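User: I would like to learn how to read a structure that is new to me. Could you take me through its features step by step?

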Amino acid sequence: MSSDPTVQPVPASVERKVDDADTTLQNPKWAVVALGSNLGNRLETLQGAVDALEDTPGLRVKAVSPVYETEPWGVEPGSQPNYLNAVVLVKTTLPPVSLLERGHAIEEAFERVRDERWGPRTIDVDIVSYQDVVSDDPQLTLPHPRAHERAFVLAPWHDVDPAAELPGRGPVTQLLAHVGHAGVRPRVDVELRLPE
Ligand SMILES: Nc1ncnc2c1ncn2[C@@H]1O[C@H](COP(=O)(O)OP(=O)(O)OP(=O)(O)O)[C@@H](O)[C@H]1O
Ligand SMILES: Nc1nc2c(c(=O)[nH]1)N=C(CO)CN2
């Protein structure tokens, strides 16, 4: 019994939202993040992005792939410098859109300039997949709509998780066998550190 007029009942919709948030916080999800750089000190920038991801509240970097030297995909051959690419496996309590926002903030921190489609960039942070979420929202399409055709994503991902599957597309092993390794080669002379 409450006679205090300032105590309002909590609406069921608010209770549900709080419960959902609690469930998310107790239930970290796996996500796969692809990193690419073809301007500036590419390796330093990739490491900076890995460290910035790890510095994110609610996110832990669980695995960092080998680094690949890759030919620019989707543009005129020779029109851009080669990329360094890598893939990072993370466990996070952030919802997908917050993970995307964090990726954009990291791109901004590295002064990425967006002018042309698939233009050269200091850093690109793409959300390849978020658990088994499938979404065709253009702001955040999951899995990434072009990941299945990109050896520069599939090869490093396969290295850190050979049993991985791309939701709706199938096992990464099969997708990689289909696209082949042309234009991507492991850079065994360099590596990214898994933050401590
Ligand atoms: N899975 C995703 N990961 C990252 N961005 C996404 C994703 N799905 C949709 N987007 C949207 O795509 C927009 C453009 O992203 P970006 O500039 O990184 O594209 P891009 O890297 O040049 O090309 P691509 O999308 O082919 O990798 C972003 O602002 C973002 O809202
Ligand atoms: N090799 C390579 N090519 C690309 C890359 C990339 O990361 N690596 N990213 C692109 C836009 O996301 C377009 N083309």
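Analyst: Let us begin with the surroundings of a ligand: a residue is near a molecule or strand if its C-beta atom, placed from the backbone, lies within 6 Å of it. By that rule 13 residues surround ligand 1, and the closest are D126, I127, Q139, T141 and H144. This is a predicted model, in which local features need pLDDT of at least 70 and side-chain atom pairs count only at pLDDT 80 or more, while totals for chains, interfaces and linings use all residues. Residues are numbered from 1 along each chain as its sequence is written, and chains are lettered from A and ligands numbered from 1 in the order in which they are written.

User: Which strands each supply at least two residues of the shell around ligand 1?

Analyst: Helices (H or I, at least four residues) and strands (E, at least two) are DSSP runs, numbered from the N terminus. Here β5 and β7 (140-142) each supply at least two residues of that shell.

User: How do the shells around ligand 1 and ligand 2 divide by residue type?

Analyst: Ala, Val, Leu, Ile, Met, Phe, Trp, Tyr, Cys and Pro count as nonpolar, Asp, Glu, Lys and Arg as charged, and the others, Gly among them, as polar. The shell around ligand 1 has five nonpolar, three polar and five charged residues, and that around ligand 2 has five nonpolar, four polar and two charged residues. Among the residues around ligand 2 are G36, W73, Y83, W118 and F152.

User: How many helices and strands are there, and what share of the chain counts as buried?

Analyst: The chain has five helices and ten strands. A residue is buried if 20 or more other C-beta atoms lie within 10 Å of its own, exposed if 12 or fewer, and partly exposed in between, with C-beta atoms placed from the backbone. Of the 196 residues of the chain, 33% count as buried.

User: Which residues have the most contacts inside the largest nonpolar core?

Analyst: A nonpolar core is a set of buried Ala, Val, Leu, Ile, Met, Phe, Trp, Tyr and Cys residues joined through C-beta atoms within 7 Å. The largest one has 43 residues, and V33, L35, A86 and V88 have the most contacts inside it. The elements that give two or more residues to this core are β1, α2, β2, β4, α3, β5, α4 and α5.

User: Where do the buried residues of helix α5 lie when seen down its axis?

Analyst: An α-helix has 3.6 residues a turn, so residues three or four places apart point the same way. In α5 (residues 172-179) the buried residues are V172, L175 and L176. Seen down the axis they fall within an arc of 100° (the arc of the directions from the helix axis to the C-beta atoms), so they line one face of the helix. On the other side of α5, A177 and H178 are exposed. The helix is followed by G180, whose phi is positive, near 80°.

User: Is P81 buried, exposed or partly exposed, and which residues does P81 touch?

Analyst: P81 lies in the loop between β3 (68-70) and β4, and it is partly exposed, because 14 other C-beta atoms lie within 10 Å. Two residues are in contact if their C-beta atoms, placed from the backbone, lie within 7 Å. Not counting residues up to four places away in sequence, P81 touches N38, L39 and P120. P81 and R121 are 40 residues apart in sequence and 9.8 Å apart in space, C-alpha to C-alpha.
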